[in-house]
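Here is a short report on one chain and its contacts with a partner. Please look at the sequence and structure first.

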Amino acid sequence: MNVVVCVKQIPDPAVPGALAADHTLDRSGKLILDESDSYGVEMALQLVDTAGEGEVTLVSMVPNGEVSGLRTALAMGAAKAILVSDDALAGSDALSTAKVLAKCVERAGGIDLVLTATESTDGYTGTIPAQVGELLGWPSLTFAKHIEIADGKVTIQRQTEAGYDVVEASLPAVVSVTAGVVEPRYPSFKGIMAAKSKPVDAVTAGDLGLDAGQVGWAGARQEIVNVAQAPAREAGEKFEDDGTGAEKVVAFLEQLKVI
Amino acid sequence: MTVDKIWVYAESADGKATSATLELLTKARELGSTVEAIYTGSDTDAVAAAVGEYGATKLFVIDPGDGLPGQVAAAPIAQLAGEHNPDAILFAQSYDGRDAIARLSVKLDQPVLTNGMSLSDDGGLLFGTGIFGGVTLVDAKFSGGGPALIAIRPKSFAAEPSGGAAAAVEAVAAADAGRAAEAKVLERHVEEQQGPKLEEATVVVSGGRGIGAAENYGPLVEELAKQLKGAWGASRAIVDAGWVPYALQVGQTGKTVKPKVYVALGISGATQHLVGMKGSDNIIAVNKDAEAPIFSVADLGIVGDVHKVVPALIEAIKAKS
C-alpha cells in the first residue's frame, strides 16, 4: 500500500493574510503545514499500517523551497517527500497546481492511493482533488469522512447535504478527506529527529516534464482586476456580562420582534 | 469575451431543483441572452419545470446511473460544450458541483474561478469573491477564451422566477468517463433533521468550542434555537471534534446562512466561520473572550460565560411566552 499525500505549506492562518503586489497571496513569511492536510497524513499512515506494507510519500508545491511544513508531516511518520519549487510556477492557479501534483504522483511511481484535503485553508479553490484524479485518469472520491481499503478497492463515506453516501472505487484512486476523518497524531521527539534525515526530492516544473506555458501566470489565464476592502459591518454594542447579559439579549430580540 | 450563452449545472435534492440552482439561473438570465441547464440525475420532469420557471429554455439530461454525478458528468458536458460553445458554465459551490467543475476543467483544459459571491457583465464576465474571511473583496476575469468555468457560493444571488415554461428536455448520449465511472454509490444515508432548515430559518443559533463539551450543545444551543423557533448550527471546531454532525456546520466549508438573527454562542469567529454568517441581518454573540473576532461583526456582543447567560436567556424567553 503506497500512498501519496498532497500537502500544502501555507502562511500561518492565525496571522492576518495579505496580498503581494502581484495580487497573489503573500507567502513570503514562515510557512507551516496546512492543518487540513494533517488529516490526510494521519489517514495515510494508518492505512499503510493496517496494510502492513508500503509507505507514505508527501508531495508539495511551494515557493522558496520551504520545507518546514513538510518536516512536520515527515515527523508524523511519512517516509519521504517530493518538493516542487520553481519560479516558473509563481501565479499558478488550481489547474496548473493539479498538473504539477499529478506529475509528482507519476514520479513517485507505483502509487495505490492519493489523499488530499477537500480544499486548502489559504486558497480554498477546492477543485484540486478531482482535477488530480482526472489528470491521472483515476476515480476521485471526494469529501470522505471515513475510509476503508480492502480487496483492491477503496470505500468511503462521502459527505452529502443530507447525510452521507457510501461510495466505492477500485484502486488506484484519489480520495479527499474532510477534517475530522481521523485525529492527527502529534510528532514525537524521535519523529522530529528522524524527519531531519528523511529524503526530500527537490524538483522543478521542467523535471516533471511541464513547460512554462502550461503553469504559472501563463497557465492561469485569469487576472485580478480589482482589490478592495469590504464595507465593514457597523460596530455594534459590546457589554461585559454583569448579570444583565440575558436581559440585554431579550431586549434586542424584542426590538427585532423575534420574541 | 462577450456573454451570450450561459449554461447552469443544475442539481436537485428530494426530487426538486436546489435553491442554489435557481439562484444561478436568475443571474444567468440577467447576464446572457440564452440560458440552458445541464442536469445529472433523475426526476427530470420536475427539474425541467423548475429550471424553465427560472429562465432555462433547455435541459440537457445526463443519466449518472449509480456513478458519482459530478464525475460522470464531465465527459458528456465537455462533448456538449464542444458542440454548442457556451460562453460560461456556472456551478453551485456544492459537493457535486465542485466535482463536476474540477473534472470538466481538465477535460477542457480551462481554468476555474470558485467560491464566487458576485458576477456581472463588464465587457466580459466579472467575477467577485471575498477573501480573508470576506474582509477583502477581489474581482477577477478570465483572460483566455471560453467557456468560463465558475462556481458560486449558495445564497449569493436572489432567486426570482421568470415564469417561463418547462425547459425542453434533451437526453445526452453517454460519453466515456473512463475510470471516473468506476466510482459507484452503494448506499445513501439521510440524517434525520429536526426543526427548520439552517438555510431557511429566520433565526439561527450556533455553538462553538466555548460551549465546553458535546453534552452542552442540546441544553444550550438547540434549546435556545427551539425557543426562538429557529435552526441550530455549529462552528467547524465542534464539528471536527465530533460533537455534532457536519450537516450543522456554518462557514466556508459548511453552509452559508443569512437569517434575520444569528446568535453565536462560544464561537470565536475564525474567518472560516465568518464567511458563512456575516450576511445575517442581525448578529448576537456571547463569548467570554472580549477580544474574540466574532465581536467585530456582532450588533450585540455579550462578553460573558455562555453557561450563565444562555440558561438565563432561555428562562427569560420562556417566561414571556
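In this predicted model, 73 residues of chain B are in contact with 65 residues of chain A. Helix α4 of chain B, residues 95–108, gives the most to the side of chain B that touches chain A. Its share is nine residues. By class, the residues on that side of chain B divide as follows.

| Class of residue, side of chain B that touches chain A | Count |
|---|---|
| Nonpolar | 39 residues |
| Polar | 17 residues |

Strand β13 of chain A (residues 237–240) is joined to strand β18 of chain B (residues 300–303) by four bridges. The two strands run parallel. Which residue of β18(B) is the bridge partner of Glu240(A)? The partner is Val303(B).

Now to chain B itself. Chain B contains eight helices and 18 strands. Its C-alpha trace spans about 65 × 45 × 40 Å along the principal axes. A compact globule of 321 residues would have a radius of gyration near 20 Å, so the 21 Å of chain B agrees with that expectation.

Of the 321 residues of chain B, 57% count as buried. Take the contacts in chain B with a separation of 6 or more: residues 24 or more positions apart account for 68% of them.

How confident is the predictor? Chain B has an average pLDDT of 94, and 99% of its residues score at least 70. The model scores are ipTM 0.93 and pTM 0.91. Where pLDDT is low, predicted coordinates should not be read in detail.

Key
Residues are numbered from 1 along each chain as its sequence is written. Chains are lettered from A and ligands numbered from 1 in the order in which they are written. This is a predicted model: local features need pLDDT of at least 70, side-chain atom pairs count only at pLDDT 80 or more; totals for chains, interfaces and linings use all residues. The radius of gyration is taken over C-alpha atoms; the globule rule is 2.2 Å times the number of residues to the power 0.38. A residue is buried if 20 or more other C-beta atoms lie within 10 Å of its own, exposed if 12 or fewer, and partly exposed in between; C-beta atoms are placed from the backbone. Two residues are in contact if their C-beta atoms, placed from the backbone, lie within 7 Å. pLDDT is the predictor's confidence in each residue, from 0 to 100. Ala, Val, Leu, Ile, Met, Phe, Trp, Tyr, Cys and Pro count as nonpolar, Asp, Glu, Lys and Arg as charged, and the others, Gly among them, as polar. Two strands pair if DSSP finds at least two bridges between them.
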